[in-house]
Amino acid sequence: MVADIGFWVLGLVAVMAGAAVFYVNSMARATYALALSFIAVGLQVLFLQQNYVGVVIILMMVMEMAVMAVYMVMFMGMNPALMPMSMVHDSKKALAVAIGTFLTLAAGVLLVDWPARRVAPPAEVTRALGEELMGPKMLVMAVISPVMVATIVAGVVLAAHRTRYDRFGDDLNHRPADDPQPGGVGR
Amino acid sequence: MTLEATLLIAAAIFSVGLYGAISQQVVVMVMMGLELMINAVILAAAGFWWFLAPHPTGQVLLLVIIAAMTVEMAMGFAVATHLHRERHADMTDMATDLSG
């Protein structure tokens, strides 16, 4: 009973904090509202006995939202922590689409005759996940790893101000390097 | 705590994220909407896993979803940084080159 109430309260917090992201009038507050929503969902995942995944979600999202808050202070045109803002288009249409989506999904959830649980959960869920990852499902992690590396490379290439191609030309043969502030002794 | 309750909460979070992704003009706010939608997918997947088939394989799928969210976030920030540097643009309406 207590678990049920806790689960619903967390669900309510997750939804309300998610709505607050688009309701509050500063981007910094929006970021923290999103972090709160993620923490609530992470705790709900803990309620669903997935300790490892739940903790990963909470830790990762808190860090990610901290980065996001710094990012917005850096790049947005106005002072995002202080200046009220409302930048939406087609708000009413978007609201109608969102409500329609919720009603459709809710109807599906309530009308479908969900089957009963087929297998019993493992005694130690986290241990079972670790053994799965280190055994039969290692390929999944092996595939995710190069994707992550590719993301790092692509992210740096996109976000970098100047790269070696700016300095040495497209064929990397241009010498001396084209730098905004030339160095060396003029030889 | 039932599967229906979990999925209803996930549907509500997904719909809120959808509203944000459609209506917001600032690139970062659109990304926040997408994040909320993936957040809902995580919750729904966790609910399916626990209430229908609690085999460890399902948790691996959850980890893949979380990894996808990380990739989306990192690339989104990189593209937004590039956009800001090249055009001083932070709104989706200022980057419509590929629309239509």
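This is a predicted model: local features need pLDDT of at least 70, side-chain atom pairs count only at pLDDT 80 or more; totals for chains, interfaces and linings use all residues.
Reader: What does Glu131(A) form a salt bridge with?

Author: The partner of Glu131(A) is Arg127(A), and their closest N and O atoms are 3.4 Å apart.

Reader: Where do Glu131(A) and Arg127(A) lie?

Author: Both lie in helix H5 of chain A, which covers residues 125-134. Four residues separate them, about one turn of the helix.

Reader: OK. What counts Glu131(A) as partly exposed?

Author: Glu131(A) has 48% relative accessibility, so Glu131(A) counts as partly exposed. Arg127(A) is at 53%, so Arg127(A) counts as exposed.

Reader: Which side chain meets Glu132(A) in a salt bridge?

Author: That is Lys137(A), at 3.5 Å from N to O.

Reader: Is Glu132(A) buried or exposed?

Author: Glu132(A) counts as buried, because its relative accessibility is 11% and buried means under 20%. Lys137(A) has a relative accessible area of 22%, so Lys137(A) is partly exposed.

Reader: And what about Asp179(A), which residue does it form a salt bridge with?

Author: Asp179(A) forms one with Arg167(A), and the closest N and O atoms are 2.8 Å apart. Asp179(A) lies in the segment after H7 of chain A and Arg167(A) in helix H7 itself, so the pair ties together parts that are 12 residues apart in sequence.

Reader: Which residues are linked with them in a network of salt bridges?

Author: The network links Arg162(A), Arg167(A) and Asp179(A).

Reader: Changing topic. How many aromatic pairs does the structure hold?

Author: The structure holds four aromatic pairs over all chains. One of them joins Phe7(A) and Phe47(A): the ring centres are 6.3 Å apart and the planes are at 75°, so the pair is edge-to-face.

Reader: Why edge-to-face?

Author: The planes are at 75°, and planes over 60 degrees apart count as edge-to-face.

Reader: Which parts does the pair tie together?

Author: Phe7(A) is in helix H1 (residues 2-21) of chain A and Phe47(A) is in helix H2 (residues 27-47) of chain A, so the pair ties together parts that are 40 residues apart in sequence.

Reader: Is Phe7(A) buried or exposed?

Author: Phe7(A) counts as buried, at 0% relative accessibility. Phe47(A) counts as partly exposed, at 28%.

Reader: Now the surface. Which residues form the nonpolar patch?

Author: Met1(A), Ile5(A), Val9(A), Val13(A) and Leu36(A) form it, with about 480 Å² of accessible area together.

Reader: Where does the largest share of that patch come from?

Author: H1(A) gives the largest share, with three residues. Ile5(A) has its place in helix H1 of chain A, and Ile5(A) is partly exposed, with a relative accessible area of 47%.

Reader: Last one. Which residues gather in the patch of negative charge?

Author: Asp166(A), Asp170(A), Asp171(A) and Asp178(A) gather there, on the surface. Asp178(A) sits in the segment after helix H7 (164-168) of chain A. With a relative accessible area of 44%, Asp178(A) is partly exposed.

Conventions: Residues are numbered from 1 along each chain as its sequence is written. Chains are lettered from A and ligands numbered from 1 in the order in which they are written. Side-chain values use heavy atoms; hydrogens and water are left out. Patches are made of residues with over 30% relative accessible area and no salt bridge: like charges are joined within 9 Å, nonpolar side chains (Val, Leu, Ile, Met, Phe, Trp, Tyr) within 5 Å. Accessible areas come from the Shrake-Rupley method with a 1.4 Å probe; for residues, only the protein chains shown count as cover. A salt bridge is a side-chain nitrogen of Lys or Arg within 4 Å of a carboxyl oxygen of Asp or Glu. Lys and Arg count as positive and Asp and Glu as negative; His and the chain ends are not counted. The place of a charge is taken as NZ of Lys, CZ of Arg, CG of Asp or CD of Glu. Helices (H or I, at least four residues) and strands (E, at least two) are DSSP runs, numbered from the N terminus. Buried means under 20% relative accessible area, exposed over 50%, partly exposed in between (1.4 Å probe, protein chains only). Rings of Phe, Tyr and Trp (its six-membered ring) pair if their centres lie within 6.5 Å; planes under 30 degrees apart count as stacked, over 60 as edge-to-face and the rest as tilted.
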